[in-house]
Amino acid sequence: MTIPEHLRYTKTHEWARQDEGEIVVGITAHAQEELRDVVYVELPAAGKTVKQGDPIAVVESVKAAFDIYAPISGTVARNNAALQKTPQLVNQDCYGNGWFFAIRPSQPEELNALLTADGYAALLKTTAH
Amino acid sequence: MDYTPHTDEQIRQMLEVIGVSSFDELLTAIPSEVRCKSFELPSGLTEPEVVQTCETLAQPNVSLREAASFLGFGAYSHVIPTVVDNLSLRGEWLTPYTPYQAEASQGTLQMIYEFQTLVCELLQMDVANASLYDGASALAEAAVMALRATGRQRLLISEAVHPHYREVIATYLSGSSCTIQQIPQVNGVTDLEALNAALRDDVAAVLMQQPNVFGCLEPMAPASELTHRVGGLFVANVYPVSLGLIQPPGAYNADIAVAEARGLGSPVAYGGPGLGLFATKQEFLRRIPGRLAGCSVDQSDRRGFTLTLQTREQHIRREHATSNICTNEGWLCLRATIFMSFLGPAGLRRLAELNLRRAHDVVERLRQVPGVELAFDRPYFNEATLRYTNGKTSDAINRQLLKAGIFGGVPLKRWFPSLGDAALWCVTETVTDQQVDRLVDALKKL
């Protein structure tokens with residue numbers, strides 16, 4: 001299971017990456033494996049104001065559908081339009097081309113409250129079934 | 001299907017588990033005034049005697065078989081071709097439900113798939129579901145979908161939408177934080193100026209009805225355009241039979257179209273079960289409530305039918321489901337499918353023409369009766385609002401007409417006191433010339 005060191009994580013299996021003034025968000029390798037083949041992603045529109053913990057996107061697989069939560073408060077700066085045509089990118093490259101959206105944070109310090117790679121790995125260990 | 005009742009022993013065991021001493025005690029939570037009173041049936045009657053007693057009890061009811069009916073107001077009596085009963089009463093079809101283990105019932109799923117296709121053609125929309133309970137809940141589901149799809153919190157609904165539908169929407173949304181604003185009618189149609197004034201970029205949807213509750217034709221196209229200017233969704237509640245002549249919702253770019261479709265092959269039956277149609281644009285496919293039948297291929301490349309996009313639904317998405325409706329009106333949907341395939345587009349057009357022509361003939365004749373006038377000078381389909389200026393109330397007139405075996409128009413003052421004493425008269429193809437003569441005679445004698 002890949003859990004890149006340079007990312008921060010949520011308990012709901014999103015990752016967050018600092019990219020200049022923005023926080024880029026996607027779902028973890030663990031999450032996409034659990035979901036299996038992703039068939040649809042619903043993304044928030046650019047300009048939408050979000051609060052940390054808000055459900056703002058939906059990912060749907062052949063097996064289930066889940067909400068994706070904002071890991072940080074702010075404004076949606078961009079979303080990954082490529083997922084509309086090619087939702088499989090979430091399975092193929094979840095930390096790269098399979099990103100969901102980017103948020104311009106209003107309270108950047110919220111990022112510090114997110115899990116580190118070690119913390120997320122520990123979380124997976126405790127919730128393993 | 002066999003009917004296997006519980007045994008006394010099974011009932012006793014079940015009551016014991018939940019700690020209740022008798023079946024009657026189980027019902028004490030239901031207020032006594034709404035509980036079933038005794039039918040005063042003596043014990044020890046034979047089955048034929050019970051049937052006879054019940055028939056005697058039912059005799060004071062006057063049914064559409066005996067009376068001439070001019071009732072509409074959302075429940076329209078249309079001719080049901082014999083083929084509808086003949087096919088829909090076959091044992092293979094006779095279930096109210098979408099099946100569990102759905103894919104084992106390929107015939108049912110194919111029927112639902114054909115039904116959805118027919119609904120899309122009728123409404124000129126991209127996708128339709130397997131049906132909802134009735135027109136009112138379909139309109140409420142449309143409101144909920146629009147709130148979710150836009151992320152906005154205001155709904156505008158025309159006063160000329162059926163009042164029962166408006167009540168159902170208010171009930172549906174009573175736990176929601178959205179606000180519902182009513183747009184007034186002027187001279188029988190939705191006031192477009194008032195609508196325009198109320199439209200801002202926080203409006204999730206505008207809900208209108210065609211023809212509206214007064215029978216008048218609404219300016220749907222301009223209302224739809226005004227709604228889209230502020231990014232709201234336009235929701236149209238329509239009357240399926242009228243679509244043989246009137247523009248379908250797709251023609252005026254409606255985002256969601258709903259309808260009460262009991263009139264397509266099923267009787268009004270004391271207001272009995274309804275059939276809600278629900279259709280929308282492709283872009284909202286994943287937001288649609290209820291069940292959807294899809295067409296696919298199996299491992300051997302043979303065509304097959306399946307319930308599809310179930311991730312929208314409650315058993316998978318839990319509280320985030322698009323709706324808590326997980327079923328459809330299976331049997332009425334079958335009857336509508338048979339009805340629509342039997343009539344075809346040409347038959348539907350002919351049916352609509354019959355309704356239009358007959359209604360206009362009757363209304364013209366009624367207008368000749370002193371003290372009866374048309375309330376609104378507007379185009380209408382098969383229903384029109386008439387006002388009485390002869391000093392008699394619509395209730396008194398209807399009581400008189402009932403004595404002559406006629407159900408007069410629905411008095412509207414209960415919902416629209418400002419209209420004065422007006423009633424909504426409906427004339428479908430089921431009304432005969434003799435019945436119209438009887439009506440005109442009876443009205444002249446008042």
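Two residues are in contact if their C-beta atoms, placed from the backbone, lie within 7 Å. The model examined here is a predicted one.

**Exercise 1. Domains of chain B**

Task: Describe how domain 1 of chain B touches domain 2 of chain B.

Solution. 
Step 1. The domain assignment divides chain B into domain 1 (68-81 + 344-445) and domain 2 (82-339).
Step 2. Taken over C-alpha atoms, the centres of these two domains of chain B are separated by 27 Å.
Step 3. Under the contact criterion, 25 residues of domain 1 of chain B meet 27 residues of domain 2 of chain B.
Step 4. On the side of domain 1 of chain B that touches domain 2 of chain B, at least two residues come from each of α11 and β14 (383-388) of chain B. The most is given by α11(B), with seven residues.
Step 5. Sorted by class, that side of domain 1 of chain B holds 16 nonpolar, five polar and four charged residues.

**Exercise 2. A pair of helices**

Task: Determine how α5(B) packs against α11(B).

Solution. 
Step 1. Two packed helices are described by the angle between their axes and by the distance between those axes.
Step 2. For helix α5 (residues 106-123) and helix α11 (residues 330-368) of chain B, the angle is about 60° and the axes are 9 Å apart.
Step 3. Because of this angle, α5(B) is oblique to α11(B).
Step 4. The crossing of α5(B) and α11(B) is left-handed.
Step 5. From α5(B), the contact draws on B:Met111, B:Ile112, B:Glu114, B:Phe115 and B:Leu118; from α11(B), it draws on B:Cys333, B:Leu334, B:Ala336, B:Thr337 and B:Met340.
Step 6. The residues of this contact of α5(B) with α11(B) comprise eight nonpolar, one polar and one charged.

**Exercise 3. The setting of B:Val83**

Task: Is B:Val83 buried or exposed, or does it fall in between?

Solution. 
Step 1. B:Val83 belongs to helix α4 (residues 82-88) of chain B.
Step 2. A residue is buried with 20 or more other C-beta atoms within 10 Å of its own, and exposed with 12 or fewer.
Step 3. B:Val83 has 13 other C-beta atoms within 10 Å, and is therefore partly exposed.
Step 4. Leaving aside neighbours within four places in sequence, B:Val83 is in contact with B:Ile338 and B:Phe342.
Step 5. B:Val83 and B:Arg335 are 252 residues apart in sequence, yet 9.5 Å apart in space, C-alpha to C-alpha.

Definitions and conventions: Residues numbered from 1 in each chain as written. Chains lettered and ligands numbered in written order. Predicted model: local features only at pLDDT ≥ 70, side-chain atom pairs only at ≥ 80, totals over all residues. Axes fitted to C-alpha atoms, helices over the stretch in contact; angles between N-to-C directions. Helix = DSSP H or I, 4+ residues; strand = E, 2+ residues; numbered from the N terminus. Parallel < 35°, antiparallel > 145°, perpendicular 65-115°, else oblique. Left-handed = near helix turned anticlockwise from the far one by under 90°. Nonpolar A, V, L, I, M, F, W, Y, C, P; charged D, E, K, R; others polar. Domains from an automatic or database assignment.
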